[in-house]
Amino acid sequence: MRKFIVFLLFSITFQFLQAQKPYVLLKSLTNHHAPIECLMVAPDGVTAVTADQDGYIIFWDIVDSMKMLYKVKGHTGGINCLIFNKSGTKFVTAGDDSKVKLWNYKTRKPINSYLSPYNGVNFAVLAPDEK
C-alpha cells in the first residue's frame with residue numbers, strides 16, 4: 001500500500017511538471033508599484049489591462065512589444081475588480097474607495113462613477129444587455 005501511494009504521488013507530481021513545460025515566462029511587467037489585483041485581456045485581443053492596490057490601471061500591448069501603453073489613476077484606493085462589456089467599448093472597475101466606475105475603453109476616461117454605501121466594493125458585473 002505504501003509503495004502504491006508513493007508511486008501515485010510521484011505520478012501526479014510528474015504529470016503536473018510535464019503540464020507546465022509549454023509555459024515560458026516572456027517578460028515581467030514592472031510598471032506597477034503595488035500588487036496587481038486584476039488582469040483582463042481586452043476583447044480586441046491586442047491589449048491587456050491590469051489594476052493594482054494603489055488604484056492604478058495600466059494598459060499593455062500584448063501582441064507586439066509587451067510594453068506599457070497607458071497608465072491611469074482609477075481609484076483612490078485599491079482596485080478589486082475589472083471587467084469588460086461584451087463589445088469591448090467599456091469596462092468597469094470596483095475599488096476600496098467604495099466606488100464603481102464605468103470607463104470608455106478607447107479614451108480611458110470615466111463615463112460615470114457610482115458611490116457604494118459600503119466600505120469598499122469587491123465585485124462588479126455588467127448586465128448582458130449592457131444597460
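A: Happy to. The chain holds one helix and eight strands (DSSP runs, numbered from the N terminus: helices are H or I with at least four residues, strands are E with at least two). From the N terminus on, their order is α-β-β-β-β-β-β-β-β.

Residues are numbered from 1 along each chain as its sequence is written, and side-chain values use heavy atoms, with hydrogens and water left out.

The mean pLDDT of the chain is 83, with 82% of residues at 70 or more; pLDDT is the predictor's confidence in each residue, from 0 to 100. Where pLDDT is low, the predicted coordinates should not be read in detail.

Now for the interior. Of the 131 residues, 33% count as buried, where buried means under 20% relative accessible area, exposed over 50%, and partly exposed in between (1.4 Å probe, protein chains only). The accessible surface of the chain is about 9,100 Å², and 61% of that belongs to carbon and sulfur atoms; these areas come from the Shrake-Rupley method with a 1.4 Å probe, and for residues only the protein chains shown count as cover. Among contacts with a separation of 6 or more, 33% join residues 24 or more positions apart.

The largest nonpolar core has 13 residues, and those touching the most other members are Val-49, Ile-57, Phe-59, Leu-82, Phe-84, Phe-91 and Tyr-105. A nonpolar core here is a set of buried Ala, Val, Leu, Ile, Met, Phe, Trp, Tyr and Cys residues joined through side-chain atoms within 4.5 Å. Strands β2, β3 (56-61) and β5 (79-84) each supply at least two residues of this core, and β5 gives the largest share, three residues. A second, separate core of seven residues includes Cys-81, Ala-94, Leu-102 and Val-121. In soluble globular proteins, nonpolar side chains tend to be buried together.

Thr-47, in strand β2 (residues 47-52), is buried at 7% relative accessible area. The side chain of Thr-47 makes a polar contact of 3.1 Å with that of Tyr-105. For such a contact, a pair of N or O atoms must lie within 3.5 Å; within protein, one must be able to donate a hydrogen and the other to accept it, and residues adjacent in sequence count only if both atoms are side-chain atoms. Thr-47 also touches Phe-59, Trp-60 and Leu-69, among others, and its C-alpha atom is 4.9 Å from that of Asp-61, 14 residues apart along the chain.

His-32 is a second case, placed in the loop between α1 (2-20) and β1 (36-41) and buried at 10% relative accessibility. Its side chain makes polar contacts with two others, that of Thr-50 at 2.6 Å and that of Asp-52 at 2.7 Å. Residues touching His-32 also include Tyr-56, Ile-58 and Trp-60.

A search of the whole structure finds zero disulfides, a disulfide being a pair of cysteine sulfur atoms within 2.5 Å. Cys-38 is in none, and the nearest cysteine sulfur, that of Cys-81, is 6.0 Å away.

Finally, two loop residues are worth a look if you check backbone torsions. Met-66, between β3 and β4 (68-73), has a positive phi of about 55° although it is not a glycine, and Met-66 is partly exposed at 22%. Arg-108, between β7 (99-104) and β8 (109-115), has a phi near 60° and is partly exposed at 21%. Most residues other than glycine have a negative phi.

Key:
Predicted model: local features only at pLDDT ≥ 70, side-chain atom pairs only at ≥ 80, totals over all residues. Contact = heavy atoms within 4.5 Å. Lists of a residue's contacts leave out its neighbours within four places in sequence.
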